[in-house]
Amino acid sequence: MPASEVAYLVFDAEAVADGDLVSRIRYPADRLLGFEAIKRYRQELIEQTGRDILPVTFMLPAAIAIAKVGPDFRLIDIVSLDAPKFRPHALARGFWSGWKYYNRPTLVTFNGRGYDMPLLELAAFRYGLANPEWFKANGPSYEQSRNRYNSTSHIDLIDFFSNFGAVRMAGGLNLLATLIGKPGKMGMDGSQVQDMYDAGKIKEINDYCRQDVLDTYFVFLRSRVLQGSLTLEMEQRIVGESKAWLEHHADEDPAFQNYLKHWGDWIAPEE
């Protein structure tokens, strides 16, 4: 498609631990194998915090799903990068090169500033991926791509709904998607990704990632109603068109089939 047709890239990334890095940084004297280091670190985190999710600094991208969205907020396509291999270096390279290919469209995430973007920035550092369009720090700070308040570069929906951290968004994306009738987590969340990866379920991780992108997209649409970029009537029309798009592509994509199975429509309040 012409690059000019894409105005937004709504994306989600899933990550898994780099066991060799965990071993070298956390347990240099013990010479643990990668899986042993990950297991030990996860157990320590459970004892300390009650959760076993490793810091993003120790993680590698395992899935990146992207919804390409036009300037009229209509869904154009959904892709999973580097399928079916899902190699970390290829995922990172594909993400950054794709952003530049489409003329740096606005990125849309849910908590991307707190997780997805650091994951991909560190991957660029690790793999030597030059990206001055993203990392440049010259010019006014409000024009820089990484500026937290530059919504032409990146719309993080958790910032939008939490008033940039003024309130804790308990329930997160799952809650917001549920409020507008969409499936939400459907029994899986990011805390299960590492175990699924260890079990060889990389395809299932990418299916989950695609479903998260759909939730993010529909929450993004409603956020544009709040700010006046869309009327409620137009939003509902686009939601209907998007459902038809998913139905058209469902035969080739189990993730879409599962999403449609749990689909719900937003019900307007009675006057």
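Tutor: A salt bridge is a side-chain nitrogen of Lys or Arg within 4 Å of a carboxyl oxygen of Asp or Glu. This is a predicted model, in which local features need pLDDT of at least 70, side-chain atom pairs count only at pLDDT 80 or more, and totals for chains, interfaces and linings use all residues. Residues are numbered from 1 along each chain as its sequence is written, and side-chain values use heavy atoms, with hydrogens and water left out.

Student: How many salt bridges does the structure hold?

Tutor: There are 16 salt bridges. One of them joins R40 to E44, with the closest N and O atoms 3.8 Å apart. Helices (H or I, at least four residues) and strands (E, at least two) are DSSP runs, numbered from the N terminus. Both R40 and E44 belong to helix α2, four residues apart, about one turn of the helix. R40 and E44 also take part in a network of salt bridges with R26 and D30.

Student: Which parts of the chain does the pair D52 and R42 link?

Tutor: The side chains of D52 and R42 meet in a salt bridge, at 2.8 Å from N to O. This pair links distant parts of the chain, with D52 in the loop between α2 and β2 (59-69) and R42 in helix α2, 10 residues apart.

Student: Is R42 buried or exposed?

Tutor: R42 is buried, as is D52. R40, by contrast, has a relative accessible area of 35% and is partly exposed. In another salt bridge, R74 and D72 have their closest N and O atoms 3.3 Å apart. R74 counts as partly exposed at 26% relative accessibility, and D72 is partly exposed at 36%.

Student: Which residues of helix α1 are buried?

Tutor: In α1 (residues 19-26), the buried residues are G19, L21, V22 and S23. Contact means heavy atoms within 4.5 Å. The cover over these buried residues includes β1 (8-17), α2 (34-49) and α4 (112-127).

Student: How should I read a pocket and a cavity?

Tutor: On a 1 Å grid over the protein atoms alone, a cavity is a set of points where a 1.4 Å probe fits but cannot get out, and a pocket is an open set with protein on both sides within 12 Å along at least five of seven lines; lining residues have an atom within 4 Å of a point. Grid points are joined across faces, edges and corners, and a volume is the space filled by probe spheres set on the points. The largest pocket holds about 900 Å³ of space. Among the 33 residues that line it, R51, I53, N111, Y115 and G190 are the closest to its centre.

Student: Which element gives the most to the lining of the largest pocket?

Tutor: β1 gives the most, with six residues.

Student: What of the second largest pocket?

Tutor: The second largest pocket has about 170 Å³ of space. Of its 15 lining residues, R104, E133, E143, S145 and N150 are the closest to the centre.

Student: Which residues line the largest cavity?

Tutor: The lining consists of I180, K182, F218, R222, E235, Q236, V239 and W266, around about 40 Å³ of space. Two or more of the lining residues come from each of α9 (202-227) and α10 (232-249).

Key. Buried means under 20% relative accessible area, exposed over 50%, partly exposed in between (1.4 Å probe, protein chains only).
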